[in-house]
Amino acid sequence: IWIATPYFIPGPAILAALRTAAGRGVDVRIVVPAESDVVLVTWASRSFYRMLLHAGVRIFEYGGTMLHGKALVTDHLIGSVGTANIDSRSFRLSFEVGCFFASREPNERLAAWIESLCDAATEVTLEAIARKPLTQKLAESVAHLGSPLL
């Protein structure tokens, strides 16, 4: 399960699904921008990292131009591109759309694109999270409280 999204603030169901999949040995990767155009979203997104990393999810922060693509590919067989971010606003309020397809060739191209993002990104580690300044950890914790609204 490979996901590329500019805004990653998962609800409880998505969080549980990703953690469960990683716990079963599925290669779960999430690519997000290193810096979002909305700093509060960056902090809220990062507040989920520790939990996901402990479950075996790999997280990559892409440092190039603002990553605004929204894509999902599973097993190189089922893919999705569209306007929906991984956040409650996209799923409940914004009337986002997505196109799902089950065809090997476009899914392999989509997987190659996400893999190229991972190659150009910095993989987040638990050690890096532990080294963050206390002020950054506090900002991320406060942003987490507002994550259902973001």
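This is a predicted model: local features need pLDDT of at least 70, side-chain atom pairs count only at pLDDT 80 or more; totals for chains, interfaces and linings use all residues.
Residues are numbered from 1 along each chain as its sequence is written, and side-chain values use heavy atoms, without hydrogens and water.

Trainee: Is arginine 46 buried or exposed?

Mentor: Arginine 46 belongs to helix α2, residues 39-46 (helices are DSSP runs of H or I, at least four residues; strands are runs of E, at least two; both are numbered from the N terminus). Buried means under 20% relative accessible area, exposed over 50%, partly exposed in between, with a 1.4 Å probe and protein chains only. Because its relative accessibility is 13%, arginine 46 counts as buried.

Trainee: Which strands stand at the edges of the sheet?

Mentor: Seven strands form an open, mixed sheet in the order β6-β5-β4-β1-β2-β3-β7 (two strands pair if DSSP finds at least two bridges between them). Each edge strand has a single partner, so one side of it is left without a neighbour in the sheet; these strands are β6 (98-101) and β7 (122-123).

Trainee: Which element gives the largest share of the lining of the largest cavity?

Mentor: The residues lining the largest cavity include Val32, Ala34, Arg46 and Glu61. Both β2 and α2 supply at least two residues of this lining. The largest share, four residues, comes from α2.

Technical notes. On a 1 Å grid over the protein atoms alone, a cavity is a set of points where a 1.4 Å probe fits but cannot get out, and a pocket is an open set with protein on both sides within 12 Å along at least five of seven lines; lining residues have an atom within 4 Å of a point.
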